[in-house]
Amino acid sequence: MFPLTGWLPVVPALLLVLSACAPQRAAAPEPQPAQPQAAGAKTEYPTMTLKFNHVVARDTPKGKAADKFAALVKQKSGGKIDVQVFPNSELYKDGEELEALQQGAIHFIAPGTDKLGVLIPAWEAPVLPGIFLSEEAGDKFVEPGNAVAKELLEKLREKGLLGLNVWLNGFKHFTSSKRALINPDDFKGQKFRTSGKPDEAFVKALGASAQVMAFSEVFGALQQGVVDGQFNTPSNIVTQKFHEVQKYGTVSRGGVILLYAVATNAKWFDSQTPEVKKLLSEAMDEATRFNNKVAADDNKAGWAAIKASGRLELREQTEAEAKAWAVAGDQVLKEWEARTGKEIIEKLKALNNKG
Ligand code: LMR
């Protein structure tokens, strides 16, 4: 170690000599204790344009949250990072967006979690019928940092993706052009568009036939009678005008919650500076909380608009009817244990416990 102590007496004298030789200038300010740097004050962010693709309208919980994320990123980066949001499958539709993200052609997507089942079957578990008994249980799952969500998000790494957070929409409801859907018997002889495998199995367990189809193709399929009905949230139904080409709607009590996994390309994200990563993660957490706050209101407003349109004959499901549908749901849950593993199903179900 450098022998500091021996030098100590010499230092003041040396400083005196040096200060006498120095040109005269204003007294240096007293050294101040280091102030914590204001968030982002000195960070120079690189200029970047990023793409966020999704398949729904801007005026939906997901659409609004994606726009919120873009606004937050712009503001936090002082305008340097521009997230361009492409709604309504403008760039890529279901399935395509997943590949585009893996290839690095886009930077963010937020697909319904059933659509990730082709990569990681466990992602189908949160959208199985009867997993979440209330929106509050769903709210717990989508709170940034939730342990079960984290476990699922981390699995996306195996496929070159990085799961950021989970967003919520709400419970899904059936509509049909053929017949009111009250008892499972009413499903017989009808065909429904479904978003993925779990819904397909649920519709079949209820007694109907099903066709998995990209979201962007649903309106045309309903209009042309390729399918008789569909299963979605009020905010999706109203913004896509599905109710305009349907006759009957059933307001279900529980069943399936539509959830989204927000993901980015892992390689791309890993190559960013710590500051950019921090900014994006913070903006994502804020956008997630925003999504989860607006979702319930958007779906309430969706129902109100559907009712006001007078296009659908709407029926509120009774408790007894919901129980009959739940039998079909339980059958799917049981069937899925082998596909996703029982453990993840149990962990998700535990979020229904109070507290
Ligand atoms: C659907 O395909 O019905 C939904 O996943 C669409 C969406 O992203 O809300």
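Reply: The following account treats the ligand site, then the cavities.

The model is predicted, so local features require pLDDT of at least 70 and side-chain atom pairs count only at pLDDT 80 or more, while totals for chains, interfaces and linings use all residues. Residues are numbered from 1 along each chain as its sequence is written, and side-chain values use heavy atoms, with hydrogens and water left out.

Around the ligand stand Val55, Val56, Lys62, Lys115, Arg193, Ser195, Phe215, Asn232, Asn236, Leu258 and Tyr260 (a residue is near a molecule if one of its heavy atoms lies within 4 Å of it). By class, this shell comprises five nonpolar, three polar and three charged residues; here Ala, Val, Leu, Ile, Met, Phe, Trp, Tyr, Cys and Pro count as nonpolar, Asp, Glu, Lys and Arg as charged, and the others, Gly among them, as polar. At least three shell residues come from each of domain 1 (48–169 + 259–299) and domain 2 (173–256 + 307–352), with bounds taken from an automatic or database domain assignment.

A side-chain N or O atom of lysine 62 is 2.6 Å from a ligand oxygen, and for lysine 115 the distance to an oxygen atom of the ligand is 2.6 Å. In asparagine 232, a polar side-chain atom lies 2.7 Å from a ligand oxygen. The protein covers 100% of the 270 Å² of accessible area that the ligand has on its own (Shrake-Rupley method, 1.4 Å probe).

The ligand takes up the space of the largest cavity. A cavity is a set of points, on a 1 Å grid over the protein atoms alone, where a 1.4 Å probe fits but cannot get out, and its lining residues have an atom within 4 Å of a point; a molecule sits in it if more than half of its atoms lie within 2 Å of its grid points. The volume of the largest cavity is about 100 Å³, where volume is the space filled by probe spheres set on the points. Of its 14 lining residues, Lys115, Phe215, Asn232, Asn236 and Leu258 are the closest to the centre. Because domain 1 and domain 2 both give residues to this lining, the largest cavity lies between them.

The structure holds two cavities of 30 Å³ or more.

Notes: Polar contact = N/O pair within 3.5 Å; in protein donor to acceptor, adjacent residues only side chain to side chain. 1 Å grid on protein atoms, 1.4 Å probe; cavity = no way out; pocket = protein on both sides within 12 Å on 5 of 7 lines; lining within 4 Å.
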